[in-house]
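Me: I am new to this structure and would like to learn how to read its features one at a time. Could you take me through them slowly, giving the general idea before the case at hand?

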Amino acid sequence: MTLDTSPRLADPDGIFTALARAYRQLDESQARTFDARLILLLANHVGDEAVLREAIAIAGEGLVPRDQIGDLDAVP
Amino acid sequence: MAGDQMAGEQDDGHAARPLRRPVVVVGGGPTGLSLAIDLALHGVPVVLLDDDDTVSPGSRAVCYAKRTLEVWDRLGVGEAVVAQGVGWQRGRVHHGDRLVSEFDLRPEPGHQMPAFTNLQQYLLEETLIARAQALAGVDLRWRHRLIGMMAEADHVALRVDTPDGPYDMECAWLVAADGARSLVRRLLALEFIGQTVRDRFLICDVATEADFPKLRQFWFDPPFHRERSVLMHRQPGNMWRIDLQLGWYADTAAETSPARVAMRLRRILGEGVAFSVESAEIYTFQCRRLERFLHGRVLFAGDAAHQVSPFGARGANSGVQDADNLAWKLRLVLAGLAPVALLESYNCERLAAADENLREAARAAGFIAPRTPMARALRDAALHLAGRFSFARTLINSGRLSAPTVYVESPLNTPDATADGFAGGVPPGAPCVDAPLGQQGEADWLLRHLGFRFTALVFAGDPPSPGQMAQLAGLPVPVHTVIIRAAGSPDEADGGFTDTEGRACDRYDARPGTTYLVRPDQHVAARWRRFDPAAITVALARAIALPAAA
């Protein structure tokens, strides 16, 4: 495991609430825009490709067919 | 037989039995012509068949990358192509009405060739044809159409149709450079693997006197073409290549009507700007390749072997680089100096290149034409954030421009010895990098002295002795020695060069004694910290696919 999944947030309730509140005024399309910006900002902050690929795989569990999870950049 | 090889076109139809040619190339586009020229310069006579007698209509390929220009310079047409074309190295990417990123493909000086040259494909082909015609070894046969073939164990039998009737011919090796609709591929019933990009593009060549900047410009969602992308490139003669994304469901007939095309172009070029449309066609793009590029005695190159979307200029460039990889291997195999396994390395190395190009094309297509709403949101987020943050500018992918493939996994490479401690430089499998040199006070370029033969490129400390150089030159596959001395060293009478600006040493991570073994296609086969003829001989055997000594 390179992705750190141990508790790291000093104020987990505060961050959870801040995330949820950020979407309060947003319609679905705006929420998607917000998601996308936040993901890119955080992905760049994390920086480590292995960590990011692992997070992508875990987030996709149960949603993305298993045989495609490791196949994020298939050729052709 | 030499007599057969020198036989002319008229002899094929009249011989008692079909004449056996060493190499027949099918297809007279940039790939086939480059290969024919390269083979002839290697001393291999070649017959080139093309079912047409005109250069390609309109303008298809436009952008030729530095590495391709270097290949053509080796073939004697680099300067002619650059002189006719429009050189460029900068690009701009816009989102809506904002400039979001700029790039410079060649930020450092000290290269003979520009980062890119734009030239209409038919002008390029005319230049290549003139070069081929000047070579006795190239037998160009226009309006000679391959109509049948039979692959045998030691040759390929061909039937060729001409306006004067059909004839039969044989060749030891057949190279299919006959494009995306390759007849050779269909005759062998070989399938492509890959996919069609589900998008349509209107590709226009437009003449206008208006003065737009001499750079690659790309727009995402511009005011003049909402929700889609536009790419604009300069060509010689006040000609502009403009690609407009139309989407998969575009009405092809309506979109190519002259009034509709003019309306779209007027929005881009501006009201009141006079222009004329030279060509306007709708394209869909394929991203696919053959499973293998070598089938018995038939080799595939260029679009006949692999196709990618044009964002990145990876089509013609990769075809010419296929030719660059193949010519010297065919020559050594035909001469009996290397085993057929050397041609298998063409398959391995150029498959790796095709996969790299396909991956880059797929990534660019995913950014230019996102396939899901969330992919679109991520794309737009990158473009939005790019206005403020440099990290987001690195995410913008309007097509990563053609760069030569490093044959990292090639069986021809001799890996670096850890003890040699190379940090950077040009690794095994990579193409040599150019650098300015001097000789007896004359300015020169490194790449001009590499190619066609194996070369030991020696950064002298203690230069090799004449005896050592003669030993290498006397091998069955000779190795020529090129010596480079540090700036300020006195000229010696050994034909060596001076690293006038210190760039060669920098680019090759060289210390006194550092030695590179360079292949005939200017790719690095091996490198060491000292000049060692025994090590060079072993690496040479590996680079021509000879079985390892027991």
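Reply: Let us begin with the salt bridge, which is a side-chain nitrogen of Lys or Arg within 4 Å of a carboxyl oxygen of Asp or Glu. Please keep in mind throughout that this is a predicted model. In chain B, the residues B:Asp38, B:Lys66, B:Arg67, B:Glu70, B:Arg74 and B:Asp324 are linked in a network of such salt bridges.

Me: How many salt bridges does a search of the whole structure find over all chains?

Reply: The search finds 37 salt bridges over all chains. One of them joins the side chains of B:Glu255 and B:Arg260, with an N to O distance of 3.0 Å, and another joins those of B:Asp380 and B:Arg379, also given as 3.0 Å from N to O. A further one is formed by B:Arg519 with B:Asp521, whose closest N and O atoms are 2.8 Å apart.

Me: Where is B:Gln321 placed, and with which residues is B:Gln321 in contact once its neighbours within four places in sequence are left aside?

Reply: B:Gln321 lies in helix 10 of chain B, which covers residues 316–334, and B:Gln321 is buried, because its relative accessible area is 7%. With those sequence neighbours left aside, B:Gln321 is in contact with B:Arg67, B:Thr68, B:Arg350 and B:Pro404. With B:Thr68 there is also a polar contact from side chain to side chain, at 3.0 Å.

Me: How should I read the cysteines, and how many disulfides are found over all chains?

Reply: A disulfide is a pair of cysteine sulfur atoms within 2.5 Å, and the search of the whole structure finds 0 of them over all chains. B:Cys505, for instance, is in no disulfide, and the nearest cysteine sulfur, which belongs to B:Cys432, is 14 Å away. B:Cys505 counts as partly exposed because its relative accessibility is 24%, whereas B:Cys171 is buried, with a relative accessible area of 0%.

Me: What is the pattern of chain A along the sequence?

Reply: Chain A reads α-α-α-α along its sequence, with 4 helices and 0 strands. Of its 76 residues, 11% count as buried. The accessible surface of chain A is about 6100 Å², and carbon and sulfur atoms account for 55% of that surface.

Me: How is the size of an interface expressed, and what area is buried between chain A and chain B?

Reply: Interface size is often given as the accessible area lost when the parts come together. Between chain A and chain B the buried area is about 1300 Å², and carbon and sulfur atoms give 77% of that area. The contact takes 11 residues from chain A and 19 residues from chain B. Across this interface the rule finds 0 salt bridges, and there is 1 residue pair in polar contact, with both residues at pLDDT 80 or more.

Methods: Residues are numbered from 1 along each chain as its sequence is written. Chains are lettered from A and ligands numbered from 1 in the order in which they are written. This is a predicted model: local features need pLDDT of at least 70, side-chain atom pairs count only at pLDDT 80 or more; totals for chains, interfaces and linings use all residues. Side-chain values use heavy atoms; hydrogens and water are left out. Helices (H or I, at least four residues) and strands (E, at least two) are DSSP runs, numbered from the N terminus. Buried means under 20% relative accessible area, exposed over 50%, partly exposed in between (1.4 Å probe, protein chains only). Accessible areas come from the Shrake-Rupley method with a 1.4 Å probe; for residues, only the protein chains shown count as cover. Contact means heavy atoms within 4.5 Å. Buried area is the accessible area (1.4 Å probe) that two parts lose on being put together, summed over both. A polar contact is a pair of N or O atoms within 3.5 Å; within protein, one must be able to donate a hydrogen and the other to accept it, and residues adjacent in sequence count only if both atoms are side-chain atoms.
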